[in-house]
Amino acid sequence: MEKPEILYDESHCELCACGTGLDFSFSFAFQPIVDAVSRNVYAYEALVRGTEGQGAMSVLSRVNEKNRYSFDQICRVKAVKLAAKLKMQPLLSINFMPNAVYRAEYCIRTTLAAAKTYNFDTHKIIFEITEGEDLTSVEHLASIIEAYQSMGFRTAIDDFGAGFSRYNIMMASPPDLLKLDMGLIRNIHQDLNKQAVVAGIITMMRQLGGRIVAEGVEVPEEYYWLRSQGIALYQGYLFARPGFECLPEPVFPD
């Protein structure tokens with residue numbers, strides 16, 4: 001993978017926090033990932049938003065091949081800074097772009113610097129990849145996951161089950177967390193085919209030693225079926241909607 005022209009590191013921390021290097025600004029909303037067993041917030045996912053709370057596509061539509069690396073680095077710093085400002089105690093889940101990481105051990109330096117600058121524990125960071133991204137190679141993603149895990153970070157694959165699910169990644173380097181795509185979750189309590197697929201994924205993750213997050217849960221019936229299968233971690237409107245620059249408190253079904 002070609003090395004970017006500018007290597008962000010400790011010296012870029014404050015510049016990244018200000019968004020220097022991009023011709024647009026953005027912020028974050030946070031949505032809780034809840035633990036139904038302890039009935040606490042397990043983590044908050046940082047979801048990119050416009051500076052006035054506009055949807056993610058108002059920002060992501062402006063990311064291209066030329067600014068992807070800067071955007072990825074700036075996202076990490078901004079998310080850590082805002083989480084620290086909000087005094088976030090649960091884990092922080094940050095989405096990352098594998099195609100913006102040419103070598104994990106170098107590209108992580110700005111994140112580590114931000115955590116030190118803003119006094120945020122690096123062991124509370126989850127790096128989350130969207131399963132549908134067009135990856136350069138399985139080997140590249142596996143090397144990133146392995147490097148991040150060796151540094152003490154948790155890793156997650158998002159939207160698993162949307163389109164082509166990358167089981168080859170699961171064999172090469174399993175993540176700590178696997179987030180089921182909401183397409184699998186929707187009306188799962190009524191769909192025997194979805195139930196069979198999810199049951200297989202649950203078995204796979206148990207044998208691999210990872211955990212499943214059911215995301216996009218919107219109605220109690222979906223939640224009750226998933227709980228009956230032993231899934232403990234959830235994300236969705238049933239519990240809380242994303243809160244712009246704040247940490248929403250979840251509501252648990254009875």
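Which residues does proline 90 touch, not counting residues up to four places away in sequence? In this predicted model, proline 90 touches Val41, Tyr42, Ala43, Tyr44 and Lys124, where contact denotes heavy atoms within 4.5 Å. Residues are numbered from 1 along each chain as its sequence is written, and side-chain values use heavy atoms, with hydrogens and water left out. Because the model is predicted, local features need pLDDT of at least 70 and side-chain atom pairs count only at pLDDT 80 or more, whereas totals for chains, interfaces and linings use all residues.

Proline 90 is located in the loop between H3 and strand S3 (91–96); helices (H or I, at least four residues) and strands (E, at least two) are DSSP runs numbered from the N terminus. The relative accessible area of proline 90 is 19%, so the residue is buried, the classes being buried under 20%, exposed over 50% and partly exposed in between (1.4 Å probe, protein chains only). A distance of 9.9 Å separates the C-alpha atoms of proline 90 and valine 34, which are 56 residues apart along the chain.

The protein contains ten helices and nine strands, and 55% of its 254 residues are buried. Of the contacts with a separation of 6 or more, 69% involve residues 24 or more positions apart.

A nonpolar core is a set of buried Ala, Val, Leu, Ile, Met, Phe, Trp, Tyr and Cys residues joined through side-chain atoms within 4.5 Å. The largest such core holds 67 residues, of which Phe26, Phe28, Phe71, Leu92, Val217, Leu226 and Tyr234 touch the most other members. Helix H3 (residues 68–85) supplies the largest share of this core, eight residues. A second, separate core has nine residues, including Ile33, Leu177, Val213 and Leu233.

The structure holds 14 aromatic pairs, defined for rings of Phe, Tyr and Trp (its six-membered ring) with centres within 6.5 Å; planes under 30 degrees apart count as stacked, over 60 as edge-to-face and the rest as tilted. Tyrosine 148 and phenylalanine 153 form an edge-to-face pair, at 6.0 Å centre to centre and 70° between the planes. Phenylalanine 239 and phenylalanine 252 are also paired edge-to-face, because their ring centres are 6.2 Å apart and their planes lie at 70°. Phenylalanine 239 occupies the loop between strand S8 (233–235) and strand S9 (243–244) and phenylalanine 252 the segment after S9, so this pair ties together parts 13 residues apart in sequence.
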